[in-house]
Amino acid sequence: TPPVYLLFILGGIILAGFGAVRALIRSAFWNSLEQKTDALLLGLALLPVLTVIVLHATLYNGWRHLHFIYPALVYLAVLGFDRAYRCYPRIAAGTLAAGLVVTAVTMVRMHPLQQVYFNELAGDDLLQRYDMDYWGAGYREAFLQLAAMIPEGEKRSVHCLNWPCEDNLYALPPEAKRKLVLQDAWHLSDYIATNYAFPTEKVAVAEGTEYFTDPVVELRPEGQLVIGIYKVVQ
């Protein structure tokens with residue numbers, strides 16, 4: 001989530017939180033629809049996350065099990081922006097506009113892999129700590145780049161390490177599909193393609209071992225490695 005949006009979300013959390021506390025102190029918690037809505041959306045945004053943290057709940061393959069809280073976060077962001085705009089209209093509007101412009105420019109720069117965006121707070125070396133292109137949407141772009149390197153009339157075999165890779169290979173445009181064929185046995189293939197879905201792959205690519213010694217195509221939106229195709233060295 002872009003930092004400017006996080007700033008307004010934090011503002012909304014603070015406003016809704018203080019509003020709920022004041023209402024409880026005054027024993028007037030249900031006096032208005034606005035009050036009820038703020039409290040409801042605040043609870044929907046925070047309580048599931050706090051429950052996971054307190055109970056040490058297992059979330060398989062990341063936080064996507066909690067994506068249902070995002071509408072509540074959007075509401076809190078609007079709440080935070082609304083209060084900031086009432087108090088400092090020019091500053092609030094300028095901050096939001098700058099955030100939208102930066103986000104749009106970043107999406108264009110990262111295209112067609114803008115879905116793997118991480119903000120500055122995520123730090124560096126993201127591949128070792130996160131599932132980057134988990135669903136393998138970037139395989140298509142990687143295969144198109146690989147196909148462009150292969151002379152017309154020639155074919156190369158590719159070994160895929162997961163099913164999103166295979167799906168993208170089968171769905172290539174005809175001119176690219178003519179140059180690439182799927183090979184089940186990795187030692188018989190010309191290339192291996194991966195989105196680093198397994199921890200062992202992340203370690204191997206960081207160390208440059210196993211089949212990661214000879215990269216042919218590596219997609220690095222914003223400098224972060226998400227998809228790779230490597231030449232099989234016999």
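**Sheet, helices and loops**

Modeller: Happy to, and do keep in mind that this is a predicted model.

Biologist: Nice. In which sense do β1 and β2 pair, and over how many bridges?

Modeller: Strand β1, residues 156–160, pairs with β2 in the parallel sense, and three bridges join them.

Biologist: What packs on the sheet around there?

Modeller: Helix α5, residues 139–149, packs on the sheet and touches β1, β2, β3 (191–194), β4 and β5 (227–231). Its direction makes about 145° with that of β4. Then there is helix α6, residues 163–170, which packs on the sheet too and touches β1, β2 and β3. The direction of α6 makes about 140° with that of β2.

Biologist: Let me step back to the sheet. What is the strand order?

Modeller: The order is β2-β1-β3-β5-β4, five strands in an open sheet with mixed pairing. At the edges are β2 (180–182) and β4 (215–219), each of which pairs on one side only.

Biologist: And by how many degrees are neighbouring strands turned against each other?

Modeller: On average by 25°, with direction ignored.

Biologist: Why does Leu 161 count as partly exposed?

Modeller: Because its relative accessibility is 25%, and partly exposed covers the range between under 20% for buried and over 50% for exposed.

Biologist: How many Å separate the C-alpha atoms of Leu 161 and Cys 87?

Modeller: They are separated by 54 Å, and the two residues are 74 apart along the chain.

Biologist: Which residues of α1 are buried, and what covers them?

Modeller: The buried ones are Val 4, Phe 8, Ile 9, Gly 12, Ala 16, Gly 17, Ala 20 and Ala 23. Their cover includes α2, α3 and α4 (89–110).

Biologist: And where does His 65 sit?

Modeller: In the loop between α2 (33–55) and α3 (70–87). With 42% relative accessibility, His 65 counts as partly exposed. Apart from neighbours within four places in sequence, it is in contact with Leu 59 and Tyr 60.

Biologist: Last topic, the whole chain. What is it built from?

Modeller: Eight helices and five strands. From the N terminus, the elements run α-α-α-α-α-β-α-α-β-β-α-β-β.

Biologist: Why call it more spread out than a compact globule?

Modeller: Because its radius of gyration is 23 Å, well over the 17 Å the globule rule gives for 234 residues. The C-alpha atoms fill a box of roughly 75 × 40 × 30 Å along the principal axes.

Biologist: How much of the chain is buried?

Modeller: 36% of the 234 residues count as buried. The chain exposes about 14100 Å², and carbon and sulfur atoms supply 62% of that area.

Note on methods: Residues numbered from 1 in each chain as written. Predicted model: local features only at pLDDT ≥ 70, side-chain atom pairs only at ≥ 80, totals over all residues. Heavy atoms only, no water. Pairing = 2+ DSSP bridges. Helix = DSSP H or I, 4+ residues; strand = E, 2+ residues; numbered from the N terminus. Axes fitted to C-alpha atoms, helices over the stretch in contact; angles between N-to-C directions. Contact = heavy atoms within 4.5 Å. Rg over C-alpha atoms; globule rule 2.2 N^0.38 Å. Buried < 20%, exposed > 50% of the residue type's maximum accessible area, 1.4 Å probe, protein only. Areas by Shrake-Rupley, 256 points an atom, 1.4 Å probe, with all protein chains shown as cover.
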